[in-house]
Amino acid sequence: MKLSKFLKKLNSVIDRLDLLLPAHQADTDWSALAYRWQSVGRKGILESLPMPHTFPLERLAAVGPQTEKLKRNTEQFLAGRPANNVLMSGSRGTGKSSLVKALLHEYAGQGLRLIEVDKSDLVSLPELLVLLAKRPEKFIVFCDDLSFENGDETYKALKTALDGGLSQRCSNVLIYATSNRRHLMPEYMDENGGTTGIRGEIHQKEAVEEKISLSDRFGLWLSFYPFDQNDYLQAVENWLGDFGVTYDETARAAALRWAQTRGNRSGRSAWQFACDWAGRLPEQRVLD
């Protein structure tokens, strides 16, 4: 009787632990084109994404110079030549993350693979690099919308990965990050308050240097700027073309009204308009 009660309690404990522990990791599907890395403690799971969101580079508007520089860097990387980690910063909705996704469409046939890593999972980034170092493919580790607040220590794992620490940097891995902040860390007016600082920092310059040292470890910086009206309308035309929908004067006028209600003109708002317009009027505007 006592044994029966004990076994019942033991089964109950095991059931609860089952809910807390991560699922058993299956072997990584290395035939996939895109992945998501998720931390489990100091280790992680590399999950394949069977249907990555990607599209031709030609779909993007107003990012010509940035595209050329990023393509050149990526082609150097795929050819086995030296290449840089990349930080893309600037206005929201201007195509930073879309540009990285489009690279997969352009270069997957040459062995390029994309791995999405959230900021909260950066702590296990060294474990991911060890896993990838043994592979023949070329990997871009993609950190989207990256920024850190005061007291956030996860950026240290990224700093080590960018410069390699004591070990050499992985030759088959680059890090491409996007952010609305150029230096990835918050900066304050009182940090310019003199050598002693008004918050009591004795070596204030060293504190500022620590903040900007992370962005300095990216070899290539690409800046993105707000769209003007022509840029916005070009993006609308591109995305409607992606849906197979005619761009005409009616669509143009509707797109301008859409931008006015949103209060901004950007590649993101152009994409959102195209989704709305194509969804509402497909039977009238589908191209032959």
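Trainee: In β5, which residue is the bridge partner of leucine 114?
Mentor: Isoleucine 140 is the bridge partner of leucine 114. This is a predicted model, where local features need pLDDT of at least 70, side-chain atom pairs count only at pLDDT 80 or more, and totals for chains, interfaces and linings use all residues. Residues are numbered from 1 along each chain as its sequence is written, and side-chain values use heavy atoms, with hydrogens and water left out.

Trainee: What makes strand β4 and β5 a pair?
Mentor: Two strands pair if DSSP finds at least two bridges between them. Strand β4 (residues 112-117) and β5 have 5 bridges, in the parallel sense. They therefore pair by the rule.

Trainee: What are strands and helices here?
Mentor: Both are DSSP runs, numbered from the N terminus: helices are H or I with at least four residues, strands are E with at least two. The chain has 10 helices and 7 strands.

Trainee: Why is strand β5 called largely enclosed?
Mentor: Buried means under 20% relative accessible area, exposed means over 50%, and partly exposed lies in between (1.4 Å probe, protein chains only). In strand β5 (residues 138-143), 6 of the 6 residues are buried, so the rest of the structure largely encloses the strand.

Trainee: Which residues of β5 point one way, and which the other?
Mentor: Lys138, Ile140 and Phe142 point one way; Phe139, Val141 and Cys143 point the other way. In a regular strand, side chains alternate between the two faces of the sheet. Over the whole chain of 288 residues, 42% count as buried.

Trainee: Why is threonine 74 called buried?
Mentor: Its relative accessibility is 0%. The cut-off is under 20%, so threonine 74 counts as buried. Threonine 74 lies in helix α2.

Trainee: Which residues is threonine 74 in contact with, leaving aside neighbours within four places in sequence?
Mentor: Contact means heavy atoms within 4.5 Å. Threonine 74 is in contact with Leu103, Tyr107, Leu112, Ile140 and Tyr176. For the chain, take contacts between residues at least 6 apart in sequence: 75% join residues at least 24 apart.

Trainee: How do you know that glutamate 47 and arginine 36 form a salt bridge?
Mentor: The rule asks for a side-chain nitrogen of Lys or Arg within 4 Å of a carboxyl oxygen of Asp or Glu. Here the closest N and O atoms are 4.0 Å apart. Glutamate 47 is in strand β2 (residues 43-49) and arginine 36 in strand β1 (residues 34-40), so the pair ties together parts 11 residues apart in sequence. Glutamate 47 is partly exposed at 34%, and arginine 36 is partly exposed at 30%.

Trainee: What parts does the salt bridge of arginine 59 with aspartate 242 tie together?
Mentor: The closest N and O atoms of arginine 59 and aspartate 242 are 2.8 Å apart. Arginine 59 lies in the loop between β2 and α2 (64-78) and aspartate 242 in helix α7 (residues 229-242), so the bridge ties parts 183 residues apart in sequence.

Trainee: Why is aspartate 145 called exposed?
Mentor: Its relative accessibility is 54%, and the cut-off is over 50%, so aspartate 145 counts as exposed. Alanine 62 has 40%, so alanine 62 counts as partly exposed.

Trainee: How many cavities of 30 Å³ or more does the structure hold?
Mentor: The structure holds 1. A cavity is a set of points on a 1 Å grid, over the protein atoms alone, where a 1.4 Å probe fits but cannot get out; lining residues have an atom within 4 Å of a point. Points are joined across faces, edges and corners, and volume is the space filled by probe spheres set on them. The largest cavity has a volume of about 40 Å³. Its lining residues are Asn85, Leu129, Ala161, Arg169, Cys170, Val173 and Ile175.

Terms used:
On a 1 Å grid over the protein atoms alone, a cavity is a set of points where a 1.4 Å probe fits but cannot get out, and a pocket is an open set with protein on both sides within 12 Å along at least five of seven lines; lining residues have an atom within 4 Å of a point.
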